[in-house]
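This briefing is intended for reading alongside the sequence and the coordinates.

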Amino acid sequence: MRRLLTGFNLLMIAYVVAPIVLVVWMSFTPSMRFEVPLGAFSLRWYRELFSYDAFIDSAILSLRLGLVAALVATAVGFLAAYGVVRGRPPGSGALVALFTAPLIVPAVVYGIAVLQFTNLVGLYGSFTALLLAHVVIVLPFAMRTLQATLEGHGPELEWAAMSLGARRRHAVLLVTVPLCLRGMVSAFLFCFLISFSEVTVTLFMTGPAHQTLPVRIFNYVSDRIDPTMAAVSSLIVLVSVALVLVLNRLGALGNLRK
Amino acid sequence: MAAATRGERAPAGLEAASLVKRFGGTAAVDGIDVAVRPGEFFTVLGPSGCGKTTFLRLVAGILSPDAGRIAIGGADVTRAPIWARRIGLVFQNYALFPHLTVAQNVAFGLAMQKVPRAERAPRVARALQTVRLEGYEKRKPAELSGGQQQRVALARAIVIEPDLLLLDEPLSNLDARLREDMRSELADLQRRVGITTVLVTHDIHEAFALSDRVAVMRSGKVEQIGAPTELYERPASRFVAGFLGPVNEWPGRVAALDGGTAEIAVDGLRPCRVAAGAGWRVGDAVALVLRPERVRLDPAGDDPAGPVGRIDQVAHLGNLVNYRIALADRAVLAQTAPGRTRALALGAAVAVAWDDADLAAVAS
């Protein structure tokens with residue numbers, strides 16, 4: 001029974017990981033076709049990738065978008081989480097539900113809605129529109145992480161600081177924020193990761209001007225298929241794995257499961 | 001020393017009048033009137049859930065009262081924010097800033113109060129000296145023991161020379177031995193610094209050992225305020241009598257009134273004479289309370305000193321012996337030093353005696 005279970009687990013892991021391993025493997029092929037290289041390895045498609053400006057532009061856009069969206073979401077998420085955890089206003093449950101709603105609303109629905117909305121207010125196709133949409137999408141992750149962090153640090157420290165003459169904002173800046181730094185870094189990285197790999201909503205938001213990296217890949221493969229895709233996918237996997245490892249070290253993955 | 005830490009400021013008093021705080025439908029603090037004298041060590045004592053912590057938080061400004069008035073040093077602070085109240089707060093869990101060193105923790109308040117930089121170091125050093133923690137300046141709170149952390153918390157609170165020191169169960173997280181050490185240290189410190197102090201605790205020994213006066217709280221109200229011995233010897237209610245330690249409680253009736261003295265009839269015992277309460281009339285129900293250590297036990301002879309009962313439980317506590325005596329249909333508790341009454345064994349017939357002066361009468 002135990003052996004059967006182990007076998008099943010290995011099968012599941014292989015099922016999840018094998019395609020990724022294959023893509024990474026294929027990215028080193030010297031051939032023109034999508035195939036697993038045996039014997040001969042080459043960095044040809046990486047060179048190809050870096051000489052293709054559109055990909056570089058998209059990568060920079062994705063990076064910029066991810067960083068700014070993560071920064072805004074972490075800041076807004078901290079304020080929202082602080083208000084909910086410390087203030088316990090009436091209806092705080094509804095507020096939390098509102099802030100975390102993007103997790104539940106289907107991405108396609110949100111994509112269409114935000115497309116209509118940005119069109120209406122004349123922001124469609126702008127970086128601002130894309131940024132706002134991404135902030136909404138990643139906010140739940142910031143909110144959850146920071147809520148858990150704040151709940152872990154009771155209000156006594158702030159009370160102590162305020163009894164010593166600190167205004168609330170000083171107590172928060174000098175005591176709460178330093179103590180929540182770990183949680184804030186986790187929230188930031190999380191948001192970046194989610195934003196960096198978001199496709200569905202972004203597809204609705206991007207005109208020709210603002211194609212993020214995942215969208216660029218998506219459009220590219222609807223045209224033709226060559227191993228450049230494998231190379232760029234490998235790089236994205238590398239970045240994601242690195243971030244997840246950092247997050248795990250920060251203990252943030254546990255917070256999200258709560 | 002006192003002058004060094006308190007500067008020229010005279011100690012301030014605390015006044016709370018008709019203080020009310022409700023959470024949802026229930027009043028956690030339900031009309032409290034308390035006047036703490038300048039320089040006094042005042043304790044609010046009560047079982048958990050009696051509203052004592054809520055009271056402290058109202059005084060600190062952490063919570064805002066639904067009704068009533070709070071004044072510190074004569075100034076109304078009912079609506080003042082916590083940072084404007086000039087209070088020192090010490091919590092059960094110490095609440096030290098874990099990312100700052102001991103010296104930085106103590107200096108925090110000085111920085112917040114914009115004390116010139118040059119003055120801070122000597123004042124921090126003096127405060128740490130007051131709590132006997134010289135040499136620990138560079139440590140982080142996590143590197144200190146519980147008692148040391150609590151002393152840092154005290155130093156941090158007194159260094160800003162607050163008008164009022166508020167202590168919320170400050171010794172409850174310490175183990176028994178350390179708690180006693182810290183208790184006497186706290187008493188010394190308070191006397192030396194001369195700061196008006198309000199302690200909140202559920203620990204009777206802590207309250208009695210430290211306080212000039214104690215307020216006993218129950219369900220959001222103050223049951224009685226007085227010096228520890230007064231509360232213990234002359235409880236105003238059955239609750240106070242029972243909360244402060246084991247007690248014999250004898251329900252009776254006023255049989256006669258003679259000037260300031262009342263004669264109380266208790267079934268199965270001799271009539272007892274106590275000071276009459278205000279408004280008592282003949283026939284009123286009154287309960288007499290008597291501490292076990294005030295009960296005298298003598299082997300029953302031919303001429304017993306009081307009603308005779310039979311010992312039905314003996315518990316040796318080392319320096320004390322507790323007895324339970326079956327007398328008529330009631331159980332009488334007695335406590336004596338061992339040795340003196342060695343003849344008193346389980347099942348022995350004993351005469352139960354007491355001085356009426358040791359009785360306290362409470363409304364039943």
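Does B:Arg179 count as buried or as partly exposed, and at what relative accessibility? At 22% relative accessibility, B:Arg179 counts as partly exposed, where buried means under 20% relative accessible area, exposed over 50%, and partly exposed in between (1.4 Å probe, protein chains only).

This is a predicted model, in which local features need pLDDT of at least 70 and side-chain atom pairs count only at pLDDT 80 or more, while totals for chains, interfaces and linings use all residues. Residues are numbered from 1 along each chain as its sequence is written, chains are lettered from A and ligands numbered from 1 in the order in which they are written, and side-chain values use heavy atoms, with hydrogens and water left out.

**Salt bridges**

- Over all chains the count comes to 23 salt bridges, a salt bridge being a side-chain nitrogen of Lys or Arg within 4 Å of a carboxyl oxygen of Asp or Glu.
- B:Arg179 pairs with B:Asp203 in one of these salt bridges, at 3.9 Å from N to O. B:Asp203 lies in the loop between β8 (196-201) and α7 (204-210) of chain B and B:Arg179 in helix α6 of chain B, so the pair ties together parts that are 24 residues apart in sequence. Helices (H or I, at least four residues) and strands (E, at least two) are DSSP runs, numbered from the N terminus.
- B:Asp203 is buried, with a relative accessible area of 13%.
- A salt bridge also joins the side chains of B:Arg151 and B:Glu185 (3.4 Å, N to O). Since B:Arg151 belongs to helix α5 (residues 146-158) of chain B and B:Glu185 to helix α6 (residues 176-193) of chain B, the pair ties together parts that are 34 residues apart in sequence. Both B:Arg151 and B:Glu185 are buried.
- In the salt bridge of B:Arg238 with B:Glu249, the closest N and O atoms are 2.5 Å apart. B:Arg238 lies in helix α9 (residues 238-243) of chain B and B:Glu249 in strand β11 (residues 248-258) of chain B, so this pair ties together parts that are 11 residues apart in sequence. B:Arg238 is partly exposed at 39% relative accessible area, and B:Glu249 is partly exposed at 30%.
- In chain A, a network of salt bridges links A:Arg86, A:Glu158 and A:Arg168.

**Nonpolar cores**

- The largest nonpolar core has 79 residues, of which B:Phe97, B:Phe108, B:Leu154 and B:Leu166 touch the most other members. Such a core is a set of buried Ala, Val, Leu, Ile, Met, Phe, Trp, Tyr and Cys residues joined through side-chain atoms within 4.5 Å.
- Apart from this core lies another, of 36 residues, among them A:Leu49, A:Val177, A:Ala187 and A:Cys191.
- Beyond its neighbours within four places in sequence, B:Leu154 is in contact with residues including B:Val90, B:Val131, B:Met182 and B:Leu189, contact meaning heavy atoms within 4.5 Å.

**Interface of chains A and B**

- The contact takes 19 residues from chain B and 17 residues from chain A.
- Chain B and chain A bury about 1,700 Å² between them, 77% of it on carbon and sulfur atoms. Buried area is the accessible area (1.4 Å probe) that two parts lose on being put together, summed over both.
- On the side of chain B, B:Trp83, B:His99 and B:Met112 lose the most area to chain A, together 35% of what that side buries.

**Domains of chain A**

- Chain A is divided into domain 1 (1-42) and domain 2 (53-257), with bounds from an automatic or database domain assignment.
- The C-alpha centres of domain 1 and domain 2 of chain A lie 31 Å apart.
- These two domains of chain A bury about 630 Å² between them, 82% of it on carbon and sulfur atoms. In domain 1 of chain A, A:Val23, A:Ser27 and A:Phe34 lose the most area to domain 2, together 60% of what that side buries.
- Between domain 1 and domain 2 of chain A the rule finds zero salt bridges.

**A:Ser234**

- A:Ser234 is placed in helix α12 (residues 228-250) of chain A and is buried, with a relative accessible area of 7%.
- Leaving aside its neighbours within four places in sequence, A:Ser234 is in contact with A:Val23, A:Val24, A:Ser27 and A:Tyr46.
- A polar atom of the side chain of A:Ser234 lies 2.7 Å from the backbone oxygen of A:Ala230.

Conventions. Polar contact = N/O pair within 3.5 Å; in protein donor to acceptor, adjacent residues only side chain to side chain.
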